[in-house]
Amino acid sequence: MYNRKDFENLPVFISSMSRWDGQISSASLALAKVLSRTNRVFYIDYPYSWADIWRERNLSTVKRRMPALLYRKNFLVPVKGQLPNLQGATPAPVIPNYSLSSGFLYDLTARFNNNRMAGMIKEVLKRQKIDDYIFVNSFNPSYLGKIEQYLRPALSIYHSRDAIEEVYNNGLNKENECIRNYDLSMATSRQLCRNISARNKRPVSYFPNGGDITLFKTALTIDLPKPPELQAITTPIIGYTGAICQRIDYELLAKIAAHHKDKTLVMVGPRQDKSFSSLNLDAIPNIVFTGAKTIEELPAYLRYFDCTIIPFLKNNLTAGIYPLKINEYLGAGKSVVTTSFSEDIKGFSHKVRIANNHDEFIGIIDSAILDNSLETKQSRMNEASKNSWEQRVHLFWDLAWSAYQDKLVKI
């Protein structure tokens with residue numbers, strides 16, 4: 001039994017579907033970075049399957065992990081550019097079972113994979129001489145759903161980030177398993193909280209994404225050099241940062257480019273558009289794709305955007321999204337035009353322009369570009385500061401401490 005001070009000093013293990021050197025901003029890694037200022041934090045990579053290793057064998061991200069993946073050497077490493085308290089952990093390779101339907105074979109491979117994940121955590125505990133800890137499953141329900149069959153942390157936390165039934169074959173069942181077995185359940189959006197709570201008859205706490213305001217405000221406060229992909233652009237820039245994936249309304253993108261031919265639409269992030277759209281966006285001359293960039297590189301792009309956009313579809317998947325990028329955009333002082341895809345984005349209506357249809361979206365871009373006085377930019381940055389990851393960490397400990405006290409009552 002801990003008092004609050006000792007409880008908040010416990011090491012934290014975070015399991016995520018993102019890796020510490022992934023291609024896009026990761027909310028779980030952002031949380032880990034702030035927690036590591038005061039706690040030892042072990043950030044567990046999303047496990048590689050043998051198929052992943054073979055397919056990605058020539059990538060630097062896999063090459064640097066080969067000693068850990070093949071020989072279990074250096075599976076615990078400092079996260080580059082971060083405090084010594086933050087370490088990345090690479091689990092042993094797992095069996096790829098994400099395409100399997102529920103049943104005997106899926107359950108068998110899942111048990112094998114869970115033992116691999118838990119075995120690595122136990123090895124870290126042994127090597128680091130850690131007796132007790134907090135375990136956070138950050139939207140990675142494929143692993144350790146029945147947590148107490150494998151590990152016994154002081155507190156287990158499951159954090160949902162998306163409507164998982166829309167993106168993962170066995171996702172709904174696995175997430176429900178986590179909700180039933182973890183001490184505390186959280187979700188990033190209000191709709192997710194309601195939906196998950198309703199189907200499991202259990203409370204789900206609201207824990208929205210934050211923003212690295214210290215990093216993103218440099219787009220406003222520092223004369224960052226113009227990135228190479230932008231140097232030849234002489235028109236106003238409509239910018240987007242993030243994954244170019246199933247969330248994007250590609251028809252809207254094409255309409256924006258067609259209507260605003262005097263502007264350039266710059267898309268910064270890893271491309272998956274060809275998997276979700278038949279539109280040939282490469283044939284549109286005023287759309288520029290930069291490819292994936294690290295989070296540290298994004299402020300330089302944002303500095304030269306005249307407005308930013310969130311062109312998400314409105315569907316069951318996006319209705320459960322609190323976008324990480326909203327606080328990054330506002331933290332950089334940028335004007336924002338977005339679709340009305342979720343209840344959470346509507347909560348920013350006093351600071352961003354929200355369109356209910358394509359025509360509205362296209363029509364308010366010009367006013368967004370003009371609305372960029374220094375006073376307005378500062379106001380946006382101040383709004384984002386209310387949603388910094390530092391503020392979220394305070395909420396994290398409040399929720400965790402309350403759940404820990406509830407757990408003690410049940411023992």
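Some ground rules come first. Residues are numbered from 1 along each chain as its sequence is written, and side-chain values use heavy atoms, with hydrogens and water left out. Since the model is predicted, local features need pLDDT of at least 70 and side-chain atom pairs count only at pLDDT 80 or more, while totals for chains, interfaces and linings use all residues.

Helix α18 covers residues 374–385. (Helices are DSSP runs of H or I with at least four residues, strands are runs of E with at least two, and both are numbered from the N terminus.) Its twelve residues reach 17 Å from the first C-alpha to the last, close to the 16 Å expected at 1.5 Å a residue; that expected span is 1.5 Å times one less than the number of residues. The buried residues of α18 are R380, M381, E383 and A384, where buried means under 20% relative accessible area, exposed means over 50%, and partly exposed is in between (1.4 Å probe, protein chains only). Seen down the axis of α18, these buried residues fall within an arc of 155°, so they line one face of the helix. The arc is that of the directions from the helix axis to the C-beta atoms. As a handy rule, an α-helix has 3.6 residues a turn, so residues three or four places apart point the same way. Turned away from the buried side of α18 is a face with the exposed residues L374 and E375. Among the elements that cover the buried residues of α18 are α9, α10 and α14; cover here goes by contact, meaning heavy atoms within 4.5 Å.

Helix α7 (171–181) has its own set of buried residues: G171, K174, E175, N176, E177, C178 and I179. What covers them includes the helices α6 and α8 along with the strands β5, β6 and β7.

Helix α7 also turns up at the second largest pocket, where α7, β7 and α19 each supply at least two residues of the lining. A pocket is found on a 1 Å grid over the protein atoms alone, as an open set of points with protein on both sides within 12 Å along at least five of seven lines, and lining residues have an atom within 4 Å of a point. The volume of this pocket is about 510 Å³, counted as the space filled by probe spheres set on the points, which are joined across faces, edges and corners. Of its 21 lining residues, Y182, D183, L184, R202 and K410 lie nearest the centre. Helix α19 gives the most, with six residues. By class, the lining has eight nonpolar, five polar and eight charged residues. (Ala, Val, Leu, Ile, Met, Phe, Trp, Tyr, Cys and Pro count as nonpolar, Asp, Glu, Lys and Arg as charged, and the others, Gly among them, as polar.)

Now for the single residues. T338 sits in strand β13 and is buried, with a relative accessible area of 0%. Leaving out residues up to four places away in sequence, T338 touches I310, I345, V352, R353, I354, A355 and F361.

P96, in the loop between β4 and α6, is partly exposed at 34%. With that sequence limit of four places, P96 touches S49 and A51.

R72 is not a glycine, yet has a positive phi of about 60°. R72 lies in the loop between α5 and β3 and is partly exposed at 27%. K129 also has a positive phi, near 55°; K129 belongs to the loop between α6 and β5 and is exposed at 72%.

Definitions and conventions: 1 Å grid on protein atoms, 1.4 Å probe; cavity = no way out; pocket = protein on both sides within 12 Å on 5 of 7 lines; lining within 4 Å.
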